[in-house]
Amino acid sequence: MSGPAIAPGDAAMMQRCIELSKTAAAAGEIPFACLITRGGEVVAEAINRVVRDKDVTRHAELVAITQAQQALGTRVLSGCTLYSTIEPCPMCAFPMREAQIDRVVFALRSPLMGGLSKWNILRDDEIARVMPEAFGNAPEVVVGVMAQEVEAVWKAWNPIAWRVIRYRGCFEGAPPPAVETFAPAKGRRFFRQLLAIHR
């Protein structure tokens, strides 16, 4: 699933994503962040704007794709690399394919919700084969860049919420804690209350 070795500049770009994710947390958002580069230059960077805009579609990746298309004056983002702290969800992965982004680099996998791990949108060759007019080839995908550093941001953002997220298998990092259990209904209510703090 992972692409080839990390390219020069990948760690620096992910470090910028990590700094952006900290600003997201400080702004009351969940700490997702994304940036898009072309030729080693940043053309767009974004954090989640779900809370700020009261819009569940304002994921960092979608905001960054829109910004990159406007900055470059084109719908097609071939030659671009997208960096994200967390594996993009299906809602974000599909526009990446339609925009024909060449590389996707992220830190933490999302086995439960990921556009690669769970749904395989990022590496699906069929959509490009059936509709080459709309979709480019599957992008190169690089997984795990600076995963520990990204995990540290999430832990600092909300240690309890992070433990719940990890316990439920939403993100993959260190082994989940084994000392606590959460009943499904009680856990859902508890998690909603934690997230409500940031709305």
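**Note on a predicted chain: strands, core and loops**

1. The side chains of D10 and R103 are joined by a polar contact of 2.9 Å, where a polar contact is a pair of N or O atoms within 3.5 Å; within protein, one of the two must be able to donate a hydrogen and the other to accept it, and residues adjacent in sequence count only if both atoms are side-chain atoms. The model is predicted, so that local features need a pLDDT of at least 70 and side-chain atom pairs count only at pLDDT 80 or more, while totals for chains, interfaces and linings use all residues. Residues are numbered from 1 along each chain as its sequence is written, and side-chain values use heavy atoms, with hydrogens and water left out.

2. D10 belongs to helix α1, which covers residues 10-26; helices (H or I, at least four residues) and strands (E, at least two) are DSSP runs, numbered from the N terminus. Is D10 buried or exposed? D10 counts as buried because its relative accessibility is 0%, buried meaning under 20% relative accessible area, exposed over 50%, and partly exposed in between, with a 1.4 Å probe and protein chains only. When its neighbours within four places in sequence are left aside, D10 is in contact with Y83, R103, V105 and V145, contact meaning heavy atoms within 4.5 Å.

3. For the chain as a whole, there are eight helices and five strands, and along the sequence they follow the pattern α-β-β-α-α-β-α-β-α-β-α-α-α. The chain has 199 residues, of which 44% count as buried. Among contacts between residues at least 6 apart in sequence, 60% join residues at least 24 apart.

4. In which order do the five strands stand in the open sheet? The order is β2-β1-β3-β4-β5, with mixed pairing, and two strands pair if DSSP finds at least two bridges between them. The edges are held by β2 (41-47) and β5 (140-143), each of which has a single partner strand, so one side of each is left without a neighbour in the sheet. Neighbouring strands of this sheet are turned by 15° against each other on average, direction ignored; axes are lines fitted to C-alpha atoms, for helices over the stretch in contact, and angles run from 0 to 180 degrees between N-to-C directions.

5. β1 and β2 pair in the antiparallel sense over six bridges, and they form a hairpin with two residues between them, where G39 in the turn has a positive phi of about 60°. β1 also pairs with β3 in the antiparallel sense, over five bridges. C34 stands opposite A46 in β2 and opposite S84 in β3, and five of the six residues of β1 are buried.

6. Strand β3 (residues 80-86) is joined by five bridges to β4 (residues 103-108), and these two strands run parallel. S84 stands opposite F106 in β4. Helix α1 lies across β1 (33-38), β2, β3 and β4, and runs at about 50° to β3.

7. The largest nonpolar core has 49 residues, and those that touch the most other members are M14, I36, L82, M96, I101, W154 and F171; such a core is a set of buried Ala, Val, Leu, Ile, Met, Phe, Trp, Tyr and Cys residues joined through side-chain atoms within 4.5 Å. Helix α3 (residues 60-72) gives the most to this core, with six residues. Beyond its neighbours within four places in sequence, F171 is in contact with residues including F32, I86, P111, M113, W154 and W162.

8. K54, although not a glycine, has a positive phi of about 50°; K54 is found in the loop between α2 (50-53) and α3 and is exposed, with a relative accessible area of 75%. N120, also not a glycine, has a positive phi of about 60°; N120 sits in the loop between β4 and α5 (126-130) and is partly exposed, at 33% relative accessible area.
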